[in-house]
Protein chains: 2
Amino acid sequence: MRHRLKDVAERAGVSVKTVSNVVNGYQHVRADTRARVEEAIAALNYRPNLSARNLRKGRTGVIALAVPELDIPYFAELARHVVTAAADQGWTVLIDQTGGGSEQERKAASGIGDHMIDGLILSPLALSADDLAALAGLPMVLLGERVDHGPADHVMIDNVAAAREVTAHLIGLGRRRIAAIGSQRTPEGASARLRLAGYTAALAEAGIAYDDRLVAPAPAWHRADGAAAVRNLVTSGVRPDAVFCFNDTLALGALRALHEMGLRVPEDVAVAGFDDIEDGRFSIPTLTTVAPDKERIARLAVELLAGRLGPDRDSPPRELVAPHHLALRESAPL
Amino acid sequence: MRHRLKDVAERAGVSVKTVSNVVNGYQHVRADTRARVEEAIAALNYRPNLSARNLRKGRTGVIALAVPELDIPYFAELARHVVTAAADQGWTVLIDQTGGGSEQERKAASGIGDHMIDGLILSPLALSADDLAALAGLPMVLLGERVDHGPADHVMIDNVAAAREVTAHLIGLGRRRIAAIGSQRTPEGASARLRLAGYTAALAEAGIAYDDRLVAPAPAWHRADGAAAVRNLVTSGVRPDAVFCFNDTLALGALRALHEMGLRVPEDVAVAGFDDIEDGRFSIPTLTTVAPDKERIARLAVELLAGRLGPDRDSPPRELVAPHHLALRESAPL
DNA sequence: ACGAGCGCTTACAACGTTGTAGAAACCAGT
DNA sequence: ACTGGTTTCTACAACGTTGTAAGCGCTCGT
């Protein structure tokens with residue numbers, strides 16, 4: 001059923017290597033020989049055995065993408081773009097779910113299918129720069145905010161600026177009691193820290209006093225956490241007139257909780273998120289959010305990895321910043 | 001930097017095969033030999049080369065999951081469960097995005113990374129049973145409704161029953177003008193056909209006349225399609241008092257469109273979906289839906305595939321039906 | 001017609017691993 | 001010490017591919 005070069009060679013009456021040459025597009029093969037070989041390949045439905053090829057070449061043509069959770073829309077959308085960008089390089093993407101745990105992430109980084117993958121695009125939550133440095137084995141590109149100036153290539157957006165812009169937009173709407181949802185004190189909370197920094201910067205610029213009762217922590221960034229945070233804020237008597245959620249799923253949860261408590265969005269409370277996931281374009285109301293250029297992020301990551309596997313093998317780590325913009329929708333309109 | 005069995009063997013003063021035996025947990029290795037080898041493995045940070053192992057064993061420990069689109073929440077959630085279930089078997093999952101195109105699906109089925117994967121879990125949209133039969137090369141498990149009694153193992157839920165139940169629920173709420181959104185006449189529309197059949201069956205049981213103006217096609221099953229279908233229905237003067245959407249993203253789009261047109265859910269129009277995606281638990285209003293047991297579907301698929309790779313290699317194709325239930329929420333409450 | 005040169009093809013070895021078969025070492029029990 | 005059996009270890013070959021280097025045969029210029 002499954003044939004090898006040898007079978008094709010016998011059928012075409014040539015050597016194994018000649019078939020290999022045809023398969024690999026080697027130039028110096030006589031036209032009629034090539035035709036005969038190709039006929040045999042077609043007849044036997046020959047497919048190269050990649051394990052063998054990899055063993056020989058030391059390359060697999062497979063890269064891994066490791067994200068915390070696949071069913072978080074942001075990562076799913078990102079994954080789609082990475083798969084597409086990788087296809088342009090002729091790569092297949094093996095997707096790994098780390099669950100955000102450091103052990104899982106370490107496992108991913110130290111070589112999922114050891115030698116099965118040529119490189120890794122990792123979106124780390126739990127691992128620190130030091131952890132990662134210890135895992136230098138595999139060519140790696142990091143996504144997101146976790147590790148700045150780490151030991152590996154790195155693609156991110158300017159979180160502080162983005163958070164500042166979206167907060168300034170809420171201020172521009174005349175809101176003064178702006179809550180921030182999603183703060184985290186753990187070392188994992190690098191994104192949270194940056195976005196919080198942007199938030200406070202915008203407040204400072206507008207001369208609004210920082211009130212830490214308006215800053216709500218969220219252990220994870222799921223819808224349920226956003227909803228819980230809003231309920232806490234409102235029932236504890238802090239009356240925000242706007243909410244900046246550190247990602248869109250938090251914001252969708254917040255919308256839900258506000259609705260349940262009879263508060264109107266945006267009239268009573270304006271809401272803004274971060275990530276621009278598809279859901280936010282159809283929620284009720286639609287969601288104002290920071291829109292990172294995911295397609296660009298994915299493409300940059302893949303290109304950086306391609307560099308690492310090729311000419312830039314030993315160049316110093318690079319940090320690339322992808323653009324973002326504000327998507328103004330109903331929850332905090334223009 | 002990267003070491004081989006041979007390096008470990010030299011350091012431990014044993015043969016290559018003994019190291020291999022230690023790595024593979026072979027029983028008959030003297031305790032002190034084993035200790036010496038393990039010390040050497042640790043010292044050199046040895047990792048087996050999977051390409052070589054695969055070449056030798058003919059197995060890769062990698063299976064592929066091919067779905068139409070990763071950023072459709074249903075598939076993302078399913079993917080998460082498949083990855084988890086596969087991990088229990090010691091497998092890694094390579095995720096492939098077919099985009100629902102027949103060419104892509106064929107490519108996936110005929111061997112993504114030829115010889116790189118041991119088996120395939122495919123959620124086909126475009127391929128027919130005949131197409132698939134031609135691709136018998138790879139052990140395969142199909143998900144969903146596309147191909148009944150096809151040439152491969154198959155996991156699904158009882159779509160007709162589920163659609164009948166949810167429609168009956170809407171009827172039970174006193175609704176009589178129940179729209180169905182998502183019908184498709186193309187061969188790709190197998191799920192659509194089954195769900196439509198359940199819908200009509202429920203109408204018939206309740207003695208409600210079928211009105212084909214209430215049945216709206218949807219080219220794809222995205223939020224935008226659901227929104228467009230509802231707008232069409234309402235502006236064309238058909239006044240439904242309930243809408244059964246053939247999946248949840250359609251339903252979320254429908255909620256949005258109804259909201260935009262000033263219709264209240266569920267008071268004016270009740271809405272039900274299909275899939276029980278996370279979004280539907282936080283939408284405004286929350287979404288009544290058919291909840292397939294995704295975790296079970298994933299586990300069954302992985303187990304079937306494990307069978308195919310093992311003892312049941314040549315047993316006839318099996319069809320397994322996973323359970324589902326109705327999740328009653330605000331959009332069409334009890 | 002002959003050798004140089006080139007185009008085309010091939011044999012061989014190697015990539016790192018494991019299955020097979022058998023050798024060597026060990027352990028009683030006589 | 002010797003046998004028979006078991007445990008522990010090893011040499012060798014093979015998985016399917018491609019790089020190397022060399023071989024063959026053709027063309028062409030003289």
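Let's start with surface. Chain A has an accessible surface of about 14000 Å², and carbon and sulfur atoms hold 50% of it. That is Shrake-Rupley with a 1.4 Å probe; for residues, only the protein chains shown count as cover.

Ground rules. This is a predicted model, where local features need pLDDT of at least 70 and side-chain atom pairs count only at pLDDT 80 or more, while totals for chains, interfaces and linings use all residues. Residues are numbered from 1 along each chain as its sequence is written, chains are lettered from A and ligands numbered from 1 in the order written, and side-chain values use heavy atoms, without hydrogens and water.

Now the fold. Chain A carries twelve helices and twelve strands. These are DSSP runs, numbered from the N terminus: helices are H or I, at least four residues; strands are E, at least two. Chain A has 334 residues, and 57% of them count as buried, meaning under 20% relative accessible area (1.4 Å probe, protein chains only).

On to the interface. Chain A puts in 46 residues, chain B 47. Contact here means heavy atoms within 4.5 Å. The buried area between the two chains is about 4400 Å², with 61% from carbon and sulfur atoms. That is accessible area (1.4 Å probe) lost on putting the parts together, summed over both.

What about charge? Six salt bridges link chain A and chain B. The criterion is a Lys or Arg side-chain nitrogen within 4 Å of an Asp or Glu carboxyl oxygen. One pairs A:Arg223 with B:Asp279, at 3.2 Å, N to O. On chain A, the elements giving two or more residues to this side are helices H4 (50-57), H5 (73-88), H10 (223-235) and H11 (248-260), plus strand E2 (92-97).

Notes. Buried < 20%, exposed > 50% of the residue type's maximum accessible area, 1.4 Å probe, protein only.
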